[in-house]
Amino acid sequence: MINDKKVLFSGMQATGNLTLGNYLGALKNWITLSDEYECFYSVVDMHSITVRQDPATLRKRARNLLTLYISAGLDPEKNCIYYQSHVSGHAELAWILNCFTYMGELNRMTQFKDKAAKHADNINAGLFTYPVLMAADILLYQTDVVPVGIDQMQHLELTRNIAERFNNIYGDVFTVPEAYIGKVGAKIMSLQDPTKKMSKSDENPNGSIYLMDDADTVMRKCKRAVTDSEGCIRYTDEQPGLKNLINIYCACSGKTADEAVKEFEGQGYGVFKEAVGESVNAILQPLQAKMKELEKEKGYIDKIIKENAEKAQYYANKTLRKVQKKVGFPERPRI
């Protein structure tokens with residue numbers, strides 16, 4: 001607990017282009033949590049290299065993502081916004097936690113199986129132990145709560161198991177984190193295949209709305225979104241494509257599903273899809289304008305990167321030194 005506030009940790013990978021789903025499901029929620037929690041928001045670039053990356057592209061995307069955090073409304077004075085790779089404690093703690101994690105636990109991780117299938121030519125040890133680094137990310141800051149989607153719950157459960165196992169051996173070293181489940185808009189589906197989550201790695205670019213898509217592109221994607229032949233605005237699982245568009249509209253406009261259905265009662269899909277596009281653009285255009293403004297403020301972003309890395313390293317070291325002492329490492333001389 002820092003400054004009498006509970007600690008919250010989350011992060012995103014610096015790969016691909018963030019989608020509307022990333023914003024509505026995670027980033028938008030982060031902003032509302034800043035007053036209640038002491039927040040650490042990381043650009044998890046160390047996780048990114050489990051898949052081969054072009055170095056220059058990774059550096060550029062990492063900076064863009066950090067800038068995007070701020071553009072979306074995260075205050076770098078209230079939140080610790082930093083690069084994972086700038087805090088050595090993540091890697092150091094991950095190695096120690098590897099020694100308290102069982103092979104059988106990692107073998108059960110469904111995301112490893114999924115990623116191994118997609119990258120059969122590069123099934124590396126990092127891909128296998130990825131969840132342990134994720135556990136280190138969380139435990140390093142004595143995190144109380146972690147915003148997670150359903151697909152990350154397995155990793156958080158592993159983190160809890162590792163923390164409890166370590167604590168049972170050495171005493172109360174780690175805070176055992178709880179899940180924070182976001183509210184409406186937590187799961188935005190593909191516009192072209194509403195059975196799948198909107199993804200920045202979707203091979204069909206029309207399935208995802210990217211945060212940097214211009215207004216015309218957003219509108220075109222919304223108009224091309226898969227619906228059905230019923231032609232009736234209803235919020236039901238029997239019309240998954242339409243239900244997804246209603247979720248997007250509600251998350252962007254602040255309206256409820258019932259209000260949206262009533263608003264477009266008796267109107268066709270074309271009118272509704274256009275309204276969805278307008279509501280999305282109303283969210284994205286101010287974000288894009290702020291992003292362009294901050295990209296010109298190189299000195300300001302560099303200052304945030306330096307100061308927040310130092311803050312993260314300070315809190316990381318407090319946990320790391322305690323862990324190192326518990327496992328029996330010699331005390332480090334002060335430099």
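Good morning. The model is predicted, so local features need pLDDT of at least 70 and side-chain atom pairs pLDDT 80 or more, while totals for chains, interfaces and linings use all residues. Residues are numbered from 1 along each chain as its sequence is written, and side-chain values use heavy atoms, without hydrogens and water.

Glu157 and Arg160 form a salt bridge (a side-chain nitrogen of Lys or Arg within 4 Å of a carboxyl oxygen of Asp or Glu). Their closest N and O atoms are 4.0 Å apart. By this rule there are 18 salt bridges.

The search of the whole structure found one cavity of 30 Å³ or more, a cavity being a set of points on a 1 Å grid over the protein atoms alone where a 1.4 Å probe fits but cannot get out. The largest cavity holds about 40 Å³ of space, the volume being that filled by probe spheres set on the points. Its lining, made of residues with an atom within 4 Å of a point, includes Phe112, Tyr130 and His155. Helices α6 (110-118) and α7 (125-139) each give two or more residues to this lining.

Terms used:
1 Å grid on protein atoms, 1.4 Å probe; cavity = no way out; pocket = protein on both sides within 12 Å on 5 of 7 lines; lining within 4 Å. Helix = DSSP H or I, 4+ residues; strand = E, 2+ residues; numbered from the N terminus.
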